[in-house]
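Welcome! Please take a moment to look over the sequence and the model, and then we will walk through them together.

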Amino acid sequence: QALRQVSQRTISTASRRQFENKVSESQKLFQEDNGLPVHLKGGAKDSLLYRTTAGLTMLGTMYAVYYLLVSSMPKKPN
């Protein structure tokens, strides 16, 4: 019984970190009417992620089209 009492006390009185709630700040940022699309309102980081994703998508599309063209051409017999 003593062990149970000690374990309950340590769990219930353990200090918890208090984090600041930043949801309202984010809501203000994303609801602001500044002419930017939602996926770019986060700033430079969002812009970099968007451009990287768009670039990789274009490269992947070109790679797929190239290999479709290569595979559609018959091989020359030796």
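In which helix is Asp46 found? Asp46 belongs to helix α3, where helices (H or I, at least four residues) and strands (E, at least two) are DSSP runs numbered from the N terminus. This is a predicted model, in which local features need pLDDT of at least 70 and side-chain atom pairs count only at pLDDT 80 or more, while totals for chains, interfaces and linings use all residues. Residues are numbered from 1 along each chain as its sequence is written, and side-chain values use heavy atoms, leaving out hydrogens and water.

Let us step back to the whole chain. It has three helices and zero strands, giving the pattern α-α-α along the sequence. Of its 78 residues, 1% are buried; buried means under 20% relative accessible area, exposed over 50%, and partly exposed in between (1.4 Å probe, protein chains only). The chain exposes about 7900 Å², with 60% supplied by carbon and sulfur atoms; such areas come from the Shrake-Rupley method with a 1.4 Å probe, and for residues only the protein chains shown count as cover.

Now back to Asp46. With a relative accessible area of 21%, Asp46 is partly exposed. Setting aside residues up to four places away in sequence, Asp46 touches His39, Leu40 and Lys41, contact being heavy atoms within 4.5 Å.

Next, a stretch named in a record. UniProt, in an unreviewed entry, places the feature "transmembrane region" at residues 48-69; its positions are given in the numbering used here, feature names are shortened, and annotations may be inferred rather than shown by experiment. Over residues 48-69 the chain is 100% helix and 0% strand, and the end C-alpha atoms lie 32 Å apart.

Finally, look for the aromatic rings. The structure holds two aromatic pairs (rings of Phe, Tyr and Trp, its six-membered ring, with centres within 6.5 Å; planes under 30 degrees apart are stacked, over 60 edge-to-face, the rest tilted). The Tyr66 and Tyr67 rings have centres 5.1 Å apart and planes at 85°, so this pair is edge-to-face. Ring pairs link Tyr63, Tyr66 and Tyr67 into a cluster. Tyr67 is partly exposed, at 44% relative accessible area. Val70 sits in helix α3 (residues 44-72) and is partly exposed at 41%.
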